[in-house]
Amino acid sequence: MTQLPHVFVTRRIPEIGLRLLRAACVVDLWDDDMPPSAQDLRAHASDCDGLLTLLTDRIDGDLLDACPRVRVVSNLAVGYDNIDVAAATARGVIVGNTPGVLAETTADLAFALLLAAARRLPESQAYVRAGQWQTWGPLLLLGAEVHHATLGIVGLGSIGRALARRARGFQMRVLYSGPTRQPDAEAELGVEYAALPDLLRAADFVSLHAPLTPVTRGMINTETLRQMRPSAILINTARGPLVVTEDLVNALRAGIIAGAALDVTDPEPLPADHPLVGLPNCIVVPHIASASGPTRDRMAEIAARNLMAGLRGEPLLHAVNPAAIGIGRQVEPRDYV
Ligand code: DGY
């Protein structure tokens, strides 16, 4: 009988995922609220056949070289910018992710942030808590209108499309930008394609849904912020480094745009004394867009199944580098027991 494969799970994940893995693998679980350090990650992963990682774990060529048995890295996220996919592919290591199951939940949060920023909900709650609510006021805490406003979606993937469906319910005009036009989405959702500068100029709300790549990193900067309307609100539930943080701070302070609502930041986490946290026209929440129980269960199940499929040499439910499949790492089987 062959020994079970060894896997390192870099944080406690929903039980459904751990149960699946424990039935088929020897599981080393990093059971701590904080991620393993690079050193701990390397130490725990070095003798493993597979890794179940989070977006807080940096997986690069050096790490993979230090873990010669690892054949599959299964990321519990749709994004995988924490992984050097080219390095993994070059080593025949398959990388998995969890697309699809978190789109609706993430779009819920993006729309919640949009509404909260437009209608100044955190400021309003702080006002009440501070005992400032003395009377109804005709000019009190006036916000922006959402219904019939224009929403610009940067990156019309499954999350962007889910957001467009929500916006339709508010009779919003929806523009999208991205590398390709999507005639099916235009027909189905009534969205209109616009080049990024045109979208930025026209939108009352700009919501980011692009992956973090060398091309998209820093795409929202002083120049692009200046293309936005002074009344516009920026929403980011994608990845923090899409936005140049310092440029956003300056734009919010100078009134170049009216507000921002951020689920993701750069750096992440954002220190409590960071200017973005203190600005009244900026909402910051701690990367919770996919944080509902059922969604995290679905993500954990897919991540576990991806890992187990990769270990068996079978196709993953979702592989981001199918090119690595078939290369495979030449690993001696574990000892027989
Ligand atoms: C992802 O999946 O990439 C999110 O950022 C976390 O759900």
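Helices H5 (residues 103–118) and H7 (residues 158–169) pack at an angle of about 55 degrees, with their axes 8 Å apart. H5 and H7 are therefore oblique to each other, a label for angles that are not under 35 degrees (roughly parallel), over 145 (roughly antiparallel) or 65 to 115 (roughly perpendicular). The model is predicted: local features need pLDDT of at least 70 and side-chain atom pairs count only at pLDDT 80 or more, while totals for chains, interfaces and linings use all residues. Residues are numbered from 1 along each chain as its sequence is written, and side-chain values use heavy atoms, with hydrogens and water left out.

**Helix packing**

- The crossing of H5 and H7 is right-handed (the near helix is turned clockwise from the far one by less than a right angle).
- On the H5 side the contact (heavy atoms within 4.5 Å) is made by Ala103, Glu104, Thr106, Ala107, Asp108, Ala110 and Phe111, and on the H7 side by Ser158, Ile159, Ala162, Leu163, Arg165, Arg166 and Ala167.
- By class, the contact of H5 with H7 has eight nonpolar, two polar and four charged residues.
- Helix H1 (residues 15–24) and helix H13 (residues 293–312) pack at about 20 degrees, with their axes 7 Å apart.
- That angle makes H1 roughly parallel to H13.
- H1 passes H13 in a right-handed crossing.
- H1 contributes Ile16, Gly17, Leu20, Leu21 and Ala24 to this contact, and H13 contributes Asp297, Ala300, Glu301, Ala304, Arg305, Leu307 and Met308.
- By class, the contact of H1 with H13 has eight nonpolar, one polar and three charged residues.

**Ligand surroundings**

- Polar contacts are pairs of N or O atoms within 3.5 Å.
- A backbone N or O atom of valine 78 lies 2.7 Å from an oxygen atom of the ligand.

**Backbone exceptions**

- Most residues other than glycine have a negative phi, and most peptide bonds are trans.
- Aspartate 266 and proline 267 are joined by a cis peptide bond, with omega about 10 degrees.
- Glutamate 268 and proline 269 are also joined by a cis peptide bond, with omega about 0 degrees.
- Proline 267 lies in the loop between strand E11 (259–262) and helix H12 (275–278), and proline 269 is found in the loop between E11 and H12.
- Arginine 120 is not a glycine, yet has a positive phi of about 55 degrees.
- Arginine 120 lies in the loop between H5 and helix H6 (121–129).

Note on methods:
Axes are lines fitted to C-alpha atoms, for helices over the stretch in contact, and angles run from 0 to 180 degrees between N-to-C directions. Helices (H or I, at least four residues) and strands (E, at least two) are DSSP runs, numbered from the N terminus. Ala, Val, Leu, Ile, Met, Phe, Trp, Tyr, Cys and Pro count as nonpolar, Asp, Glu, Lys and Arg as charged, and the others, Gly among them, as polar. A polar contact is a pair of N or O atoms within 3.5 Å; within protein, one must be able to donate a hydrogen and the other to accept it, and residues adjacent in sequence count only if both atoms are side-chain atoms.
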